[in-house]
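Good morning, and thank you for joining. I would like to take a few minutes on the structure that is now coming up on the screen.

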Amino acid sequence: MDPILVLRLPRLRYVQARTVEEAAAIVGSDGGRAMLIAGGTDLLPNLKRRQFDVATLVSLRGIPGWDAITGDPQAGMSLSAGATLDQVARHPAVLSGYRALAQAAGLVSTPQIRYMGTLGGNLMVDPRCNYYNQTFAWRKAVGFCLKKDGDICLVARSSPRCWAVSSSDTAPVAVAFAASVVLQGMAGTRRVRAAELYRDDGIDYTTRKRDEVITSVEFPAARTTTSAYWKLRRRGSFDFPIVGAAVVIWWEDGVVRDARGALSAVGSHPVDISSYLSSLRGVHPDERLIAELAAAADKPARPLDNTDLSHYWRKRMTRVFIERALRDAAGLDPQAGLLTAQLKS
Amino acid sequence: MPVTDKVPVHLLVNGEAYEVMVPPYKTLLEVLREDLGLTGTKHGCELGECSMCGVLVDGKPYLSCLAMPLDLQQAEISTVEGLANGNEPHPLQRAFAELGAAQCGYCTPAMLLTAKSLLDSNPRPSREAIRQALAGVLCRCTGYLKIFEAVELAAARSSTSPPAAHV
């Protein structure tokens, strides 16, 4: 086939790391021109569109124990970063104790992508934008943007920062569960809360250092927990989220002890909405309270005109999806809520 | 050493062992078609959005346009070329032909392999299970209905229960 008609990868070295230490040493010493690859389902399309300048890819797939899932909801679970999204979505202990995580992993793109893509890769999905996730020729024709090769944001032209959208389905779930992410670099291993893994910037979106490998994600014990993840997208079997709502409720004696939530795709990082859910504590929520809280909790959501569908509608739907996730986690019919009903009028 | 140097890659495709010298940045799709001459696997979007390039890796549907051959040297890869048993088409191939489930035929290799993966783990899937399994593979001709019916027909014929009434 004519090479011009095919989107090919750039010329690069491909190194198969045998240990995390080896991978960290290579990416840490290659002058910023080496990148880690796990499933490759986000990285390789981006490379084919020349969204990164890379000389070396370091594959993590050969590392022993790379896809292990251990523990249970009673004690907490540890999911290796290389566990595939399909593994996470189907794992019985994840399904029983961390339902929102199984839902989120199972709603990522297509079955084929879920067999290949990994949990660590999904947490690190490169923030997306209509002006960025395009071929080199497209971007050149329209004018390069701040995130790659250009000096202006094409979404908000006077903006000094990049507004690319955090598009991970599993990240808001990890934030809502207050999961910990384990990172191993040349200087050793450290553990951060999932929310601390991210920065509110479309380019500089993570606190992960260049030489660090995410090795696992640790979910705390979830004995009396219910959770749900609701995702808005154009096609039910493809597509990144254009709104995602993750909710976790901790119960005690039939009432809410604590509730946390986070949103996907309404900012450059997973947006924590836990502070809007605090009045759930000590009550068994009815549908009026849930609708009230959901209507207020969309406040920090700032969808811009840089993903699929209209950003006005995405903002409008954010509260609806928060309501659905809350109702789902509270055992109510997710789509029978007051905010959903308002959509029909 | 220039980065364009070719590297040896060992692949097991349809039960046959191959050793090829290829640049390490060639995808499995490119190696299958250009170096092994197995052109049954199709180029589509190259970006993981259409699944035209679908193959099976250790029995699971994989996108060959996003798979790196060096990582798959221990794996068993199946392409549409390996589906028939000699001159005898696979039950899925026969059902697709009989029911007109292939029109332009471009998505057919990926549809067949994805359906095979489903039937290998779930010999009598429900319509919903078939829809879920094939969800990633785009077809712009059939509207999917004939494909679902062909998978159901192949499943019915391959199972021990009596053939369905509409055969």
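In this predicted model, the C-alpha centres of domain 1 of chain B and domain 2 of chain B are 21 Å apart. The bounds are residues 7-82 for domain 1 and 91-158 for domain 2 of chain B. Where the two touch, domain 1 of chain B supplies 15 residues and domain 2 of chain B supplies twelve residues.

Let me stay with the domain 1 side of that contact. Two elements of chain B each give two or more residues to this side: strand S3, residues 54-57, and S4. S3(B) accounts for the largest share, with three residues. By residue class, this side of domain 1 of chain B comprises seven nonpolar, six polar and two charged residues.

I turn now to the contact between the chains. Here 24 residues of chain B meet 26 residues of chain A. Which element gives the most to the side of chain B that touches chain A? That is strand S4 of chain B, residues 60-63, with four residues. The chain B side as a whole divides into twelve nonpolar, seven polar and five charged residues.

Finally, a word on confidence. The ipTM of the model is 0.94 and the pTM is 0.96. The average pLDDT of chain B is 93, and 93% of the residues score at least 70. In residues 162-167 of chain B, however, the pLDDT is below 50, and this stretch has four contacts in the model beyond near neighbours in sequence. Where pLDDT is low, predicted coordinates should not be read in detail.

Methods
Residues numbered from 1 in each chain as written. Chains lettered and ligands numbered in written order. Predicted model: local features only at pLDDT ≥ 70, side-chain atom pairs only at ≥ 80, totals over all residues. Contact = placed C-beta atoms within 7 Å. Nonpolar A, V, L, I, M, F, W, Y, C, P; charged D, E, K, R; others polar. pLDDT = per-residue confidence, 0-100. Domains from an automatic or database assignment.
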